[in-house]
Amino acid sequence: MAEPARAIQGSRPRRALVFSGGGARGAYEAGVVRYLIEALPQRLGRPVEFDILCGTSVGAIHACYLAGTADQDPGRATRLVDVWRGMRIDEVLPLSLRDLLALPRRLLGLRRVAERLASGDAPERIYGLLNTEPLERMVLSAIPWLSIRRNVREGRVQAVCVAATQIATGRVTIFIDSHQKRFDHWSIDRMIQPRPTHLKPTHALASAAIPLLFPAVRVGSTYYADGGLRLNTPLAPALRLGADKVLVIALRPNPDEHHDALLAEQRVEHYASPVFLFGKVLNALLLDHLDTDLARMRVMNQVLEAGEKAYGPDFLETLNEASHRVQRIRPIEDLVIRPSVDLGLMAGQILESLPEHSRRSPLVRLASRSLSDTGPSAESDLLSYLLFDGEFATPLAELGYADAAAQEEALCEFFRD
């Protein structure tokens, strides 16, 4: 079997762009994308290209968008940001006061869904507290879905993948649209299962189905929920698809154990707010293992570098010949773009500054009341996942653009062949 990393590109490194999951926090990713596609090429003197696109949850939607628009002009990045800027929470996630009061009844009504399933009637969506139909219609209209297959077929993108959690087994399914049809070298991790397919809206919506809040989505004969439950930043699929360089857009700031410990002490009194507590639970459910994965990858790079120094430049080739691996062992270059501020805190600050006319949504009013209960400058993590509104998305996209611009030198090195 040909080595996937360089079967098509020859000696040019194969680059991957990896998107994280995080609901409305995804506006940050859109801002990073705008810098990469519109601003960075002016410095490089050529367009920016990615061979592999991987994403989870909202990141899956962005990966599909970039794959579907790969044949379009650079203005596609601004068009993506404009979609976020144009969102209004009361239109994207319509939730009236009556709906809010009916949430307990909807929970009690889950038994009827179970009865339908037991009778062999498998609905397209199950067990979601919020009405996501308007959000789904937006996803359908914003992405040229049929163009994904054409752009893969014509080589503008080599592979696109989205991660979703299979509810029945808890395993992560990686839906992959690529020329490659066999994935024997993925068998080292039974909890991550590749599935070649032609990507459709259902795959991305399944990946973005935040547990309890958004309904699980049926793909084929089984149901899937947010891929972030097991793989919030799908770095491993990008490596197994043959990436030599990986650019990751994360949706959490750089981890700092000392800072986290201080925050944990300060937040104790805030747990009296159910909205605050649920936001923290959601953070825990979508816990990101990115830094652990990066640490392991960097250790392997150090081992390979030490081996070449000790045994000469043929060390890597000799190692690959002896290992008989389908996919060659190779050093991987990585670059991570992270938010320079906590997005939960940012959501709280934006919520505090919202004018009264922007608080029409009961969801926003509920979060505002919770914020007043927990005190000034409190986080609003739950709202940061659900505030699909231009009031939040616009500054978030601007932050993503600025954080990417701050790493311009590193990005230029990343795109150097």
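Me: In this predicted model, how many of the five residues of strand S10 are buried?
Reply: Strand S10 covers residues 333-337, and a residue counts as buried when its relative accessible area is under 20%. By that cut-off the strand is mostly covered, and the number of its five residues that are buried is four.

Me: Which residue of S10 is the bridge partner of Val-246?
Reply: Strand S9, residues 245-249, pairs with S10 in the parallel sense, and the pairing runs over five bridges. Looking in S10 for the bridge partner of Val-246, one finds Asp-334.

Me: At what angle do helix H3 and helix H19 pack?
Reply: Two packed helices are described by the angle between their axes and the distance between the axes. For H3 (residues 76-85) and H19 (residues 390-405), the axes are 8 Å apart. The contact involves Val-81, Trp-84 and Arg-85 of H3 together with Gly-390, Ala-393, Thr-394 and Ala-397 of H19. The helices pack at an angle of about 145 degrees.

Me: Which helix supplies the largest share of the lining of the largest cavity?
Reply: The search of the whole structure finds four cavities of 30 Å³ or more, and the largest cavity has a volume of about 340 Å³. Its lining has 25 residues, with Val-58, Ile-61, Leu-135, Val-139 and Phe-388 nearest the centre. Helices H2, H3 and H7 each supply at least two residues of this lining, but the largest share, five residues, comes from H7.

Me: By class, how many residues in the lining of the largest cavity are nonpolar?
Reply: The lining includes four polar and two charged residues. The number of nonpolar residues in the lining is 19.

Key. Residues numbered from 1 in each chain as written. Predicted model: local features only at pLDDT ≥ 70, side-chain atom pairs only at ≥ 80, totals over all residues. Heavy atoms only, no water. Axes fitted to C-alpha atoms, helices over the stretch in contact; angles between N-to-C directions. Contact = heavy atoms within 4.5 Å. Buried < 20%, exposed > 50% of the residue type's maximum accessible area, 1.4 Å probe, protein only. Pairing = 2+ DSSP bridges. 1 Å grid on protein atoms, 1.4 Å probe; cavity = no way out; pocket = protein on both sides within 12 Å on 5 of 7 lines; lining within 4 Å. Points joined across faces, edges and corners; volume = space filled by probe spheres on them. Nonpolar A, V, L, I, M, F, W, Y, C, P; charged D, E, K, R; others polar.
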